Each structure stands twice: as C-alpha cells, then as structure tokens.
Amino acid sequence: MQKMKWNKKKVHVFPFLVILFLVFIAFSTLHNGSTIGQIHENPNHIQQEEASLATYVKPNLSNHLNKSQEVLDRFSRCNSTTEYTGRKIARHGDSKSSIRRRVSDKSCDVFSGQWVYDNASYPLYKESDCPYMSDQLACNKHGRTDLGYQHWRWQPHDCNLKRWNVKEMWEKLRGKRLMFVGDSLNRGQWISMVCLLQSEIPADKRSMSPNAHLTIFRAEEYNATIEFLWAPLLVESNSDDPVNHRLDERIIRPDSVMRHASLWEHADILVFNTYLWWRQGPVKLLWTDEENGACEKLDGQEAMELAMGSWAEWVSSKVDPLKKRVFFVTMSPTHLWSREWKPGNEGNCYGEKEPIDFEGYWGSGSDLPTMSSVEKILSSLNSKVSVLNVTQLSEYRKDGHPSIFRKFWEPLRPEQLSNPSSYSDCIHWCLPGVPDTWNELLFHFL
C-alpha cells in the first residue's frame, strides 16, 4: 500500500509579523498624537480625569452634628484605622480666577527687605510694662540679658512700612472684633498685639478673660476686642483644648470647621494661621459621616490640604470682603539646625544674637512643598483673603527665639540642663520681637 505524501509549503511568518507590528506602531502614533493634542488644548486634562475618579465630600458649614456623632476631645480614640481612601474636599465656592488680594503695594513689596538695627525706635514697648505677657515668650524675665533681638526693625527695600501708631490702630478697631485664630505662634502674635495696644487704655477700662478656647481682651472706651481662638488645625480635632492638647494620636474631622467657625464667624477682622502642628507626623481622619469610629491615616501635608480646603470653602461661602477682612499669616520658620546657616556647626538657635545676613536664605524650618500647596488654596480665594507673607523675613531671625530663656511646663532633667541646645525652644518668638513686625504689617494694610 502506497503511503500518502503530504506536500509541505514553506510559510514565511516573519514578514507577516513585521507588517502587523508596523500597523500597530502607526495606530499608536496616531492615537498618541490625538491625546497630546487634547492635552495642549486642555492642560488640566489628566488632572481632571484623575479628579473625576475621586470621591468628594462637602464640608460641614452648619453647626449641626449627627445624633451619633461625638464632639472630638482629648479622650477621643479611633475604633479602627485604615489607609487613606482618597476622599477630597468639595470646593463649590472655588473661584475660576487665580487672582487674589495680595497685601503689597503695587509699587513696593514690603515683604522683601532687610533687618536694620534701630535701638532708638525699638522695641515698641517694654516687656515688663505689659501685664499680659506670656512666660513662654518673656525671654528677658527668664534670664536673657542680650537684648539686641528687641531692637531690629524690618526695612523693605523700596519703601517704608507705615509707622506704628497706637491711637490710629485703636481707631481702626473702634466698634470691632479683631480675632487671631490658630496655634501657639498665632497666640504669640495676639499677645504681641495686646502688648502693643494696651498702654493706651486705662487699667479700669480694660479686661482680659481667663485662658480658654476663646480668650478676649476688651477695651471699653473703644468698644473693641482683641481675641484669640485656639484652633491649631483649623478644623475640629482632639487637640482643641487650649491647655491639654499634647496627645500621641492626633485626630481631625477634615470636613468640619463649624466648631471653631461658630466662634469666629462674627469677628470683623480675622487673622488665621496653621502649619506647625501638621509637621508632627501622620494624622488620623474621622470623617463627619463616619458612625463607627473608623479612621483613615494620612501624612501631615496632605491632611493639612484637606483641612485648609474646608476652611477655604467656609471663606468662599461666608465672607463678604466689603464687611469682613480676612488675613492668612504664612508659616513661621524654625531654626533647629545651625549647620544650615553656619556650616559645620551642630547646634541650633541657642546662643544666636544676630539675624542671618544672607538675603534669600531658606532653611529646613520652612517647608517649601507645604508653602506651594497653601499658595494653591489661597490663590483660589480671589479677593477674600489677604496674605501676610512673614516667612522669608522671619527666616533671617535665628536670634529671635526664646531658646532656654522661657518658662518650661515640665521639669528639666539633669542631662538637659548640662546641654542647653537639647531643650532650646527654636520655634516660638521672644517678645518684644519678631511678631511685633507681623503686627506692623497687619497695621500697614488695615
């Protein structure tokens, strides 16, 4: 039986694959070209696609809590903690314009300048003459004998700041409420303002309420108040007690400002700050609609963006700039590493007696990514917020901190006492000092 033979034709697969590959390349090129064209037409194309995938939460701008919802305090705890789910703050009040009220003259940037030693005009008051001075900031009282830090005047390059005038400032405040809202650095600016102004008011015509969530200095004959509201994270948090707020676990409601806003909303002039507390590690988020105590964990900078988003939505929705002035004070720098201005040195602000004289100096105490995210949020608020840009001018003042010359609330250990740099406060500012200049800037623009 004859076997059948199969005729095998040689099939050329390689040229076919090459042709298929070339067709694929051509299609991809056309598709990418179309995509690039769309991006050029709409630069926010990619961000918008990503944003469309995010879940947006409307901030709580009313003063009503869910029945199952507890007010956060220092005893609050998370029942469980998961990673951040990506929820964002809905900003319905966003302005399409990126222009906002910048508090600088058209002809002069008062935030660009230098410190000039002026012991004829400064300080503007004496530490010992202010009965409302804080022991945390009274550096001379607590042993600092080099008083040069009190005699520096901020001098803009191309103009002059409006000269401080106590009576004129009181006239600006007549019948009004000036309120500082924020953390201990903003409290320092509030104390500075009280010390700058209190001497004009007879002792029997002025009063100070006890230290509380809201502390008020009253001047009867001007029917005016200078107030401080403790709100270090702007939104509701478990750190809202003005005294007992040192906690291992920091919890915020990122979508709720009304616990604080119900107190600040009737002020005529508001001065906000927030920064330092966001640099102390991760933050736990407890959203307003969460009923089971489940928190999400997020790093400080991103949590700050959420909180400022809720604050900005309140400003957008509630502030009439013809009736209310709102200022935001930029971050106050720290001086924790002397090697940044004195290479090879391993100290900090302890022992520093003069400002840094290198113009444009930036240290690690000013976090540039945080500054950028804050700038983006403030830019969306158009003319409703005026920005007091104190960061660069304060960067130069490595000499202005209390270091060891302040009251410490906890006993110092022997090893600390033998090494002053180890417990130096290089965060807050001595008074009289740098915060007085921040208030001169505020006066300049009111």
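Which hand does the disulfide of cysteine 108 and cysteine 159 have, and what is the torsion about its S-S bond? I found a torsion of about -65°, so this disulfide is left-handed.

**Ground rules.** I noted that this is a predicted model, where local features need pLDDT of at least 70, side-chain atom pairs count only at pLDDT 80 or more, and totals for chains, interfaces and linings use all residues. I also noted that residues are numbered from 1 along each chain as its sequence is written, and that side-chain values use heavy atoms, with hydrogens and water left out.

**Disulfides.** I reminded myself that a disulfide is a covalent bond between the sulfur atoms of two cysteines. Here it is called from a pair of cysteine sulfur atoms within 2.5 Å. I found five disulfides in the structure. With the bonded cysteines numbered in sequence order, I wrote down the pairing as 1-7, 2-5, 3-6, 4-10, 8-9.

**Cysteine 108 and cysteine 159.** Back at this pair, I read an S to S distance of 1.9 Å. Cysteine 108 sits in the loop between strand E3 (88-89) and strand E4 (113-117), and cysteine 159 in the loop between strand E5 (152-156) and helix H3 (166-173), 51 residues apart. Helices (H or I, at least four residues) and strands (E, at least two) are DSSP runs, numbered from the N terminus. Cysteine 108 has 5% relative accessibility, so it counts as buried; buried means under 20% relative accessible area, exposed over 50%, and partly exposed in between (1.4 Å probe, protein chains only).

**Cysteine 139 and cysteine 430.** I saw their sulfurs joined at 2.0 Å. The torsion about this S-S bond is about -95°, so I logged another left-handed disulfide. Cysteine 139 is in the loop between E4 and E5 and cysteine 430 in the loop between helix H9 (414-417) and H10, so the bond ties together parts 291 residues apart in sequence. Cysteine 139 is buried at 0% relative accessible area, and cysteine 430 is buried at 0% too.

**Helices H4 and H10.** I then looked at H4 (residues 184-197) and H10 (residues 434-445), whose axes come within 9 Å and cross at roughly 75°. Axes are lines fitted to C-alpha atoms, for helices over the stretch in contact, and angles run from 0 to 180 degrees between N-to-C directions. H4 and H10 are therefore roughly perpendicular, the word for 65 to 115 degrees (under 35 is roughly parallel, over 145 roughly antiparallel, the rest oblique). Among the contact residues (heavy atoms within 4.5 Å) I spotted Leu185 and Met193 of H4 and Trp438 of H10.
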